[in-house]
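Subject: Structure handover

Hello,

Here is the structure for you to look over. My notes on what was found follow below it.

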Amino acid sequence: MGTQLIQRGMQTGECGMRWNAERPDDIKTVHQAYRSAGCRLITTNSFGGSRSMLERHGLGGKVAEWNRQAAELASEIAGPEGWVLGDVGPFGDFLEPMGDTTAEELEAIFREQITALVEGGADAILVETMSDPGELCAGIRAARAVTDLPVIATYAFQKSAGTFRTLMGTKVAEAIAAAYAAGAAIAGANCGTDLSLADYLELAKEIVAAAGGRATILQPNAGVPHQVDGEIRYDATPEEMAELARALRTLGISIVGGCCGTSPAHLAAMAQV
Ligand SMILES: [Zn+2]
């Protein structure tokens, strides 16, 4: 969604949540493009929809309205066969002791957002791109508190000295175990920092091993980003992503998707296999 909104003119630092209210047809066009590509799960435009994120733009009062609209727009396009994942991204700060926010305060922030996503028709809650297991688990607990819908939880990993860790330093096995323990139905990874397609295969093995037979998810980027004329570009082709998708399924990943740089063409090729 982020990649697609940037292509449609979203500026750096702009509040993407605003588009749910002001450019709903653009949001629906993006959803339709992925649905038509064969995606059975589509993700609401609500990554930055928590009160703490919206307050950066002075728009904290819009949490309920814009998250509900985000879910409604996706629901209009998903159809009876499709699933709407109500998207919850990072709250934009650190939990105590690195930051000022307590786990209880963070759970309240997430409950407010998730309640609105459920009201708008989400079929599951996706807590994604998390670096801190404490934050991810607060998101899961918040979802469990307000709905019986399944919760999908994903981390952004990076590779340092040959080992996958979150930005906070947590390794895959520990991070994934924490997600299931907090009540996630499905756990895994999305996005990540400078991971190659080969890295995602290695990461998939660790996730499947950590899951111990439970359902897993992996949403890779379209390769390692690089800058061209001030723009961030992802170069993996649809064919390369299709090959990766097939390999991820073979390794036992339950749900395969795409994150940064994965256009409808990429997802169409992935859905084919
Ligand atoms: Zn991403």
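Which residues does Asn-190 touch, leaving out those up to four places away in sequence? They are Glu-128, Thr-129, Thr-154, Ala-156, Gln-219 and Cys-259. Contact here means that the C-beta atoms of two residues, placed from the backbone, lie within 7 Å.

Two points on the source. This is a predicted model, where local features need pLDDT of at least 70 and side-chain atom pairs count only at pLDDT 80 or more, while totals for chains, interfaces and linings use all residues. Residues are numbered from 1 along each chain as its sequence is written.

More on Asn-190. It is found in strand 7 (residues 186-190). Helices (H or I, at least four residues) and strands (E, at least two) are DSSP runs, numbered from the N terminus. Asn-190 counts as buried, because 24 C-beta neighbours sit inside 10 Å. The cut-offs: buried is 20 or more other C-beta atoms within 10 Å of a residue's own, exposed is 12 or fewer, and partly exposed is in between, with C-beta atoms placed from the backbone. Asn-190 and Gly-257 are 67 residues apart in sequence, yet their C-alpha atoms are 8.5 Å apart.

Now the overall fold. The protein chain has 11 helices and 11 strands. Its radius of gyration is 17 Å, close to the 19 Å from the globule rule for 273 residues, so the chain is as compact as a globular protein of that length. That radius is taken over C-alpha atoms, and the rule is 2.2 Å times the number of residues to the power 0.38. Of the 273 residues, 45% count as buried.

The core next. The largest nonpolar core has 77 residues. Such a core is a set of buried Ala, Val, Leu, Ile, Met, Phe, Trp, Tyr and Cys residues joined through C-beta atoms within 7 Å. Val-127, Ile-140 and Ile-207 have the most contacts inside it. Beyond four places in sequence, Ile-140 touches residues including Val-127, Val-151 and Ala-179.

Last, Cys-39. It lies in the loop between helix 3 (24-36) and strand 1 (41-43). Cys-39 is buried, because 21 other C-beta atoms lie within 10 Å. Not counting residues up to four places away in sequence, Cys-39 touches Tyr-34, Leu-267 and Ala-271.

Best wishes
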